[in-house]
Structures are given as structure tokens and as C-alpha cells.
Amino acid sequence: MPHNLKLKELPLEVAAMTDGFHLVIDALKANDIDTIFGLVGIPITDLARMAQAEGMRVIGFRHEQHAGNAAAIAGYITKKPGICLTVSAPGFLNGLTALANATTNCFPMILISGSSEREIVDLAQGDYEEMDQLNAAKPYAKAAYRINHAEDIGIGVARAIRAAVSGRPGGVYLDLPAKLLAQTLDAAAGKQSIVRVIDAAPRQLPAPESVQRAIALLKGAKRPLIILGKGAAYAQADAEIRSLVENSGIPYLPMSMAKGLLPDTHAQSAAAARSFVLAEADVVMLIGARLNWLLAHGKGKTWGGPKQFIQIDIAATEMDSNVAIAAPLVGDIGSCVSALDQHMQGNFSKPAAEWIKAIEDRKDKNLAKMAASLEKNPAPMNFHSALRVIRDTIKKHPHINVVNEGANTLDFARSIVDMYQPRKRFDSGTWGIMGIGMGYAIGAAVTTGQPVIAIEGDSAFGFSGMELETICRYNLPVTTIVFNNNGVYRGTDVNPTGGSDPAPTVFVKNARYDKMIEAFGGIGYNATTPAELEAALLESLATGKPALINAVIDESAGTESGRLTNLNPVTKNDISLRS
Ligand code: ADP
Ligand code: TPW
């Protein structure tokens, strides 16, 4: 249907028909999906237009990866699959990075891509944007489906939704050949074919004996510890988790995206004594957190002496993935946590006072050290003095969403900026990926309607910087703060040959990222002191308009790869290449 033809102008017999385009939209809407993040082109331009005409919110991006990241974070925030819509081959591949990232992080998302003519693709005859997208998607998605007939759209979309959100959430690919979208169907038959998914992510109760096993282990623990991961934040079982933590009296550590699930200022948070509790704890209960690289795989120096693990996860195959799990609890977090909490009432004794006191002492010592660093006002700013301003702002406005990526910018912000509400912090996640910044910021702003502060390393920002135009076009309340230290990690490297090419880690010196947003009508600020940064941040939050603050950071501040320096392979022949 040409986009400029209104439905009511159509002759009666045409109005009694529907088509692939409309069935896709009807199927999404029937499942309360109201937003599409995407980028148009053959064959899905009219799908985007019609979705908007049918009352869906359609957010058009400048690059599919960022549309995909927006969809993924929307899925994480809402527990409904976020939708990303792309064209075939290259558009699909651009979106695939985001789909793979969503799957890795356990975020529910559906990548819907138009695709070329099957006959031509399968014979490799060279179609416009030809690619066997379904097979390309499979290794990176939780599930991948193609719909060939209009009458299957209802069931195809239902299948994609259930695959994305049930069990361990993840990314699903849905392939829509161009021909499918143009297929027509009797409107009544079309309506009947739409499926509303009932109980898309059913509760999964833990077995009573696994609850008993976990309780027995907790009762025998001398130095117990809880680790909350982003699975716990995703589960939206906030009250149940709080109740378990408080009734048990067990100290806890939040993983980065679980910050704020309980306020970071909670008395039982052991975040400021992280190294100490990981090394010293004897029984560790993981709630929606994997023992991957972010937790040193559960072994080695980080973990000190012998441990026993309790793990709560919806994916049975996660158990024993890195070390033996003494008490696996397979089920949804809400159900597992509630089952454990029932045993906390009455006969459960809280952890020994010596353990709690040892943690308190360590926390006090570390917090005093951190306070001293935060109080300093070096010129130019360093990561600490700039982050102090953001920390104070979030404390006053805890509803603000925080997006965070970079190396040093990520590591320092994670430990300095306290969070007070659940699902407000979105960062580089399981892969440590750069490029999620503007996509996550847009997804969070559109989904929550609340302001976003994106704390971005200058390198990290560059991956998605063009989406500033998208932010301005939709007038989203996003304040991007670029921690500008002139390069990747630092800005001080020089070309060791003395040649005119710059070192591979550095950027144009003293770049003014604030000028970029001005090109699109947003507000740019250049901040060289904490006072300037604070004034700019408060003004931008008060106006609620798109803004970018170029925060000038000492180019020699920061370390190689942030706190991951040790992951860089080093050869014995290394001549000193690093400044
Ligand atoms: P973090 O990076 O914060 O440590 P991970 O992404 O490693 O967190 O772990 C999240 C875990 O949570 C995954 O193993 C996933 O299977 C699990 N998970 C996600 N949602 C639920 C849920 N509703 N119930 C139980 N487990 C869940
Ligand atoms: C998709 C490798 C990790 S961190 C980083 C890169 C390029 C940028 C660090 O510099 P930045 O931050 O952002 O200026 P800061 O605070 O240290 O100054 N490509 C992808 N993902 C990753 N992780 C990289 C490259 C990397």
C-alpha cells in the first residue's frame, strides 16, 4: 500500500483484505509491543511507515547497531522483547552485533530483518543485498525463524516472543522475506491468525530438595556472601530480594548492572570491601550472576581460600560452568528467593558479628581512602574529580538512568557513582563492549521517559556518536558527558618512529565534542573544572533538552585498559611502547 493512501479511501473489497505488513504490526501490538527501533530501506520502509500510522512508536536511527542496542536495553528494562527492524544483508549484519550482545547479556530482543528473494539467495544468483541471513544469525541468537506465509505471521511472532523472554532471555532473529510482506490474506482469516502469547515467561519453581540443600549450606556458613547480578535486576523481584538479604543479614556485592537493586548505601553492601569479601567468604550465593571473567571464573587469587557456591539461575547449564556448584537452585529468581526467604524467618541465625565487623572495618578504610581522592581538585580534572560531580547529582536525582562505557571511565564510575534504584545502570556488560552508549541512552529514555546521563570515554563515545542526531530529532532528555582525555585509555602516546602519523591510541588533541551536538540543535558545554561540569550538568537536567558536556580530563590520567591491564598479552621482546 503506498504510504500516502489512507485506509478509509480504499475500495471495500480491498479493505476486507490484509497483508503481511499489517499482520506483522497486528501481531506485535496484540502482544503489547508498542515501540520499534530501526532503520528503513528496501524492503521494510513501508513496514515502518505503517507501524507509525497504526500508532506504534517508531524510532529511526543512523546505524542499525545502535537501534539494536536500544531494543536490547528496552527488553532488559521491561521484560518484553525489544524490537529492532533492519533491511537485508548489511543492515541485518549491523544489527546482528547488537543481537549477539543481547544474547550474551541475557536481554530479550527480536531482530526483524527484511530479506531478499529466497529463490535467488538459495541459488546465489546475486540479488540486491543478498544474504542467507537466517543461517548467519543462528550462531549468535537464542533462536532464529523465517516466516514464509502471511498466515504464519501470528504464530511466527508469538514464537519469537516466547523464545526471547522464556527461560534465560536472549536475542531472537526473525527473517521476513520481501515477498511475505506483500502477500495478502482475507482480513478475517488474518485476524484469527494473530496469537497473543499467554504467560510468555512462566514461573519456574525450584525443587524443594534444592532449597533445603542451599539452606543447609547457608546455615553452616561462617562467612557467607551474596552476589547480585543483572539477572537479579532483570527478574523484577526487587521486594523479594530485599527481604531475603535483610532477613538473612548476609553481606552482598552488586555486579555493575545490579547496582541500585538495593541502594548502594545499604548497610549490608560490601562493595567497598569487594576484594576482601571475595577472598574471605566461605559460602557464596550467586543470584542471577555468572562466574565468568567478571568474577575471575570463581577461582584463583581473587577468591582466596576454598569456597562453596550456591547458585540461583534459570539456566541449568550455567551450573558448574567454571567451578563446582555445591547447591544449585534452578528456577526463576523471584520463586527461588522467596522459597529461601521462608526459611529465614525464625530459626536462621544471622552471620557472626566478627565477619560483619571485619567487613565494616575494611569498608571504612577503603571509603576514607576514596574520599581523599575524591576531594582533590587537580587541574585539569581527573576521573575522580569529574565523577564526584556526577555522584552528587545522582544522589539528589536517583531516578536518572545512567549509561556507562569506556575503560577507566567505566571502572571509576562503577565504583564512585552510587545507584539508588533498580535497573537504572546500563553498561558495557558481559562482553565489555564499546559502542552501546547512545543506543542504550535512547532505549532507556524512550522506554522510561526519565532523564539519562551517559558517562562516556571519548573513544567509547565515538562508536555511536552520530546518534546524537537521533537524540536531538526525538528531543530526548539525554545528557552525554564525554570524558575527553585525548585518546583510548590515555592521550599521551607518541609514534615511536618519530613519523608524522599519530600513535594508534590517540585522537585529535583538545577535540570539542560539544560542538557536535550543536550541529543538530542540542546544547553543548565545555567543562574544564568540577564547578563548570556541575553547572552544565544541572542546567542540562533542568532544561531536559539533549545536551553534551565535553569534560576535559588530564590526558595522562588513566591506565592501559582500565583495571584490565593484566589481560593484555605482553611479549618478552616488548620495547617500552606505552607512555
Ligand atoms: P552479571 O554480569 O551481572 O554478573 P550475568 O549476565 O553474568 O550477570 O548473569 C545473569 C544470569 O541471570 C544469567 O545466567 C541468566 O541465566 C540469569 N537470569 C536471567 N533472568 C533470570 C530470571 N528471571 N530468573 C533466574 N535467572 C535469571
Ligand atoms: C567493540 C576495546 C576497550 S575500552 C576502549 C576500547 C577501544 C576505549 C577506552 O578508551 P575511552 O575510555 O573510551 O576513551 P578511558 O576512560 O579509558 O579513556 N571495540 C569494541 N569493544 C571493545 N571493548 C574494544 C574495541 C576497548
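**A tour of buried residues, ligand sites and backbone features**

Select Ser464 to begin: leaving aside its neighbours within four places in sequence, it is in contact (heavy atoms within 4.5 Å) with His66, Gly435, Gly437 and Met438. The model is predicted, with local features needing pLDDT of at least 70, side-chain atom pairs counting only at pLDDT 80 or more, and totals for chains, interfaces and linings using all residues. Residues are numbered from 1 along each chain as its sequence is written, chains are lettered from A and ligands numbered from 1 in the order in which they are written, and side-chain values use heavy atoms, with hydrogens and water left out.

Ser464 lies in the loop between α20 (458-462) and α21 (468-473); helices (H or I, at least four residues) and strands (E, at least two) are DSSP runs, numbered from the N terminus. With a relative accessible area of 1%, Ser464 is buried; buried means under 20% relative accessible area, exposed over 50%, and partly exposed in between, for a 1.4 Å probe and protein chains only. Show Met438 as well: its backbone nitrogen lies 3.1 Å from a polar atom of the Ser464 side chain.

Next, select Asp282, in the loop between α14 (274-280) and β11 (283-287). Asp282 counts as buried, at 15% relative accessibility. Not counting residues up to four places away in sequence, Asp282 touches Ala221, Lys222, Arg223, Pro224, Pro306, Lys307 and Gln308. The Asp282 side chain reaches the backbone nitrogen of Lys222 at 2.8 Å.

Now display ligand 1. Of the 20 residues around it (a heavy atom within 4 Å), Arg168, Lys230, Arg290, Asp313 and Ile333 come nearest. A polar side-chain atom of Arg168 lies 2.8 Å from an oxygen atom of ligand 1, and one of Asp313 lies 2.5 Å from an oxygen atom of ligand 1. From Ile333, a backbone N or O atom lies 3.0 Å from a nitrogen atom of ligand 1.

Move to ligand 2, which 16 residues surround; Asn408, Thr409, Gly432, Asp458 and Ala460 are the closest. An N or O atom in the Thr409 side chain is 2.5 Å from an oxygen atom of ligand 2. For Gly432, a backbone N or O atom lies 2.9 Å from a nitrogen atom of ligand 2. A polar backbone atom of Gly487 is 3.1 Å from an oxygen atom of ligand 2.

Two cis peptide bonds can be inspected next. The bond from Ile42 to Pro43 is cis, with omega near 5°, and Pro43 is found in the loop between β2 (35-38) and α3. The bond from Ala379 to Pro380 is also cis, with omega near -5°; Pro380 is found in the loop between α16 (353-375) and α17 (383-396).

Then select Asp32, in the loop between α2 and β2. Its phi is near 60°, a positive value in a residue other than glycine, and Asp32 is partly exposed, with a relative accessible area of 41%. Asp320 has a phi near 60° too and lies in the loop between β12 (308-313) and β13 (327-330).

Note on methods:
Polar contact = N/O pair within 3.5 Å; in protein donor to acceptor, adjacent residues only side chain to side chain.
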